[in-house]
Amino acid sequence: MKTFAIFGDPVAHSVSPILHNLAIKGLGINASYSRIAIPEGNELKNIFNRYNLDGVNVTVPHKETAYKLCDEIKGIAKDIQAVNTIVKLKNKLVGFNTDAAGFYQSVEQFKTDKVLILGAGGTARAIAYILRLKNKDVTILNRSETKLNSFEQNGFKTFSWKNFKMQKYDTVINTTSAGMKDNSYPLDYKILEELLSNAKYAVDVIYNIETPFLKLAKKYVEIKNGKDMLLYQAVLAFNLFFNNRYDNEKIKEYMEQGFNL
Ligand SMILES: NC(=O)c1ccc[n+]([C@@H]2O[C@H](COP(=O)([O-])OP(=O)(O)OC[C@H]3O[C@@H](n4cnc5c(N)ncnc54)[C@H](OP(=O)(O)O)[C@@H]3O)[C@@H](O)[C@H]2O)c1
């Protein structure tokens, strides 16, 4: 039997075990997927080995530590420097990032060229790199300056709240946690309203509530929350766990049921 888990702190709220176990059951695989809270990121590798796991997903706050601890990194995770999926292959821990492709699949239908990303954390990095790979013009706008340095060094256009100059963007993406536990906007209300009134699409990576950002955005543009990103990153991770043996559409069909529970 193969065993998988999600690592993070906290992990009690994570829907990953529900999604993965639905696909495991639906496809009739002999496997299980659990959640393991890891307060100390540096323990990640020891815990992986102690539980004799075959693969894990990694969530907040350990994606960057996971990147550092893996024996090998594949694909776009090398640029993003954050790992959300680890698979044990030939006794090595191999790290991937499926947030990036998962995000892209969730917005593929949007006809967009010029994108503004609000926030400069790990999720912003995943989204920025995949959008640039797809030839989009990407700008990052963040509250403070420190996290912008690595974007700047890697050739992205960046602004902090202090030096932002208004321009027209056809997509505005919120990757901050503003509005998740409070009623705040990810940016000054007036600036946000001007950006949205000139845009075509708005995306929020938060999936479980309609944030103040999306409530405002839907007055002006087509909107999307983070549910599909969450679903597609899970589908892609699942297939990495099983060496791409299963049909993505079939996995998605089973996992989608998790959102109706
Ligand atoms: N749907 C999905 O599948 C999916 C996948 C991954 C993550 N997520 C969600 O993505 C969000 C961000 O995760 P992360 O790992 O990138 O976080 P992170 O690394 O902590 O980065 C958070 C960023 O948001 C900014 N920020 C935080 N609170 C803010 C506020 N009230 N106003 C303005 N800016 C604020 C921070 O700015 P400073 O630099 O100024 O502090 C920072 O740049 C979380 O809500 C997470 O649940 C969703």
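The legends below describe close-up views of a predicted model.

Local features are given only at pLDDT of at least 70 and side-chain atom pairs only at pLDDT 80 or more, whereas totals for chains, interfaces and linings use all residues. Residues are numbered from 1 along each chain as its sequence is written, and side-chain values use heavy atoms, with hydrogens and water left out.

**View A. The shell around the ligand.** The ligand is surrounded by 22 residues, where a residue is near a molecule if one of its heavy atoms lies within 4 Å of it. Ala-120, Thr-123, Asn-142, Ser-144 and Val-205 are the closest. The shell holds 9 nonpolar, 10 polar and 3 charged residues; Ala, Val, Leu, Ile, Met, Phe, Trp, Tyr, Cys and Pro count as nonpolar, Asp, Glu, Lys and Arg as charged, and the others, Gly among them, as polar. Domain 1 (2-96 + 228-260) and domain 2 (101-225) each contribute at least three shell residues, with bounds from an automatic or database domain assignment. At least two shell residues come from each of helix H6 (122-133) and helix H10 (227-241); helices (H or I, at least four residues) and strands (E, at least two) are DSSP runs numbered from the N terminus.

**View B. Polar atoms at the ligand.** An oxygen atom of the ligand lies 2.9 Å from a polar backbone atom of Ala-120. For Thr-123, an N or O atom of the side chain is 2.8 Å from a ligand oxygen atom. A polar side-chain atom of Ser-144 is 2.6 Å from an oxygen atom of the ligand. Of the 940 Å² of accessible area that the ligand has on its own, the protein covers 78% (Shrake-Rupley method, 1.4 Å probe).

**View C. Two cis peptide bonds.** Asp-9 and Pro-10 are joined by a cis peptide bond with omega of about 5°. Pro-10 belongs to the loop between strand S1 (2-8) and helix H1 (16-26). The bond from Val-60 to Pro-61 is also cis, omega being near 5°, and Pro-61 is in the loop between strand S3 (55-58) and helix H3 (63-69).

**View D. Lys-90.** Lys-90, a residue other than glycine, has a positive phi, near 50°. The loop that holds Lys-90 runs between strand S5 (85-89) and strand S6 (92-96).

**View E. Contacts of Thr-176.** Thr-176 is in the loop between strand S10 (171-174) and helix H8 (189-197). Its side chain makes a polar contact with the side chain of Asn-174 at 2.9 Å; such a contact is a pair of N or O atoms within 3.5 Å, and within protein one must be able to donate a hydrogen and the other to accept it, while residues adjacent in sequence count only if both atoms are side-chain atoms. The Thr-176 side chain also reaches the backbone nitrogen of Ala-178 at 3.1 Å.
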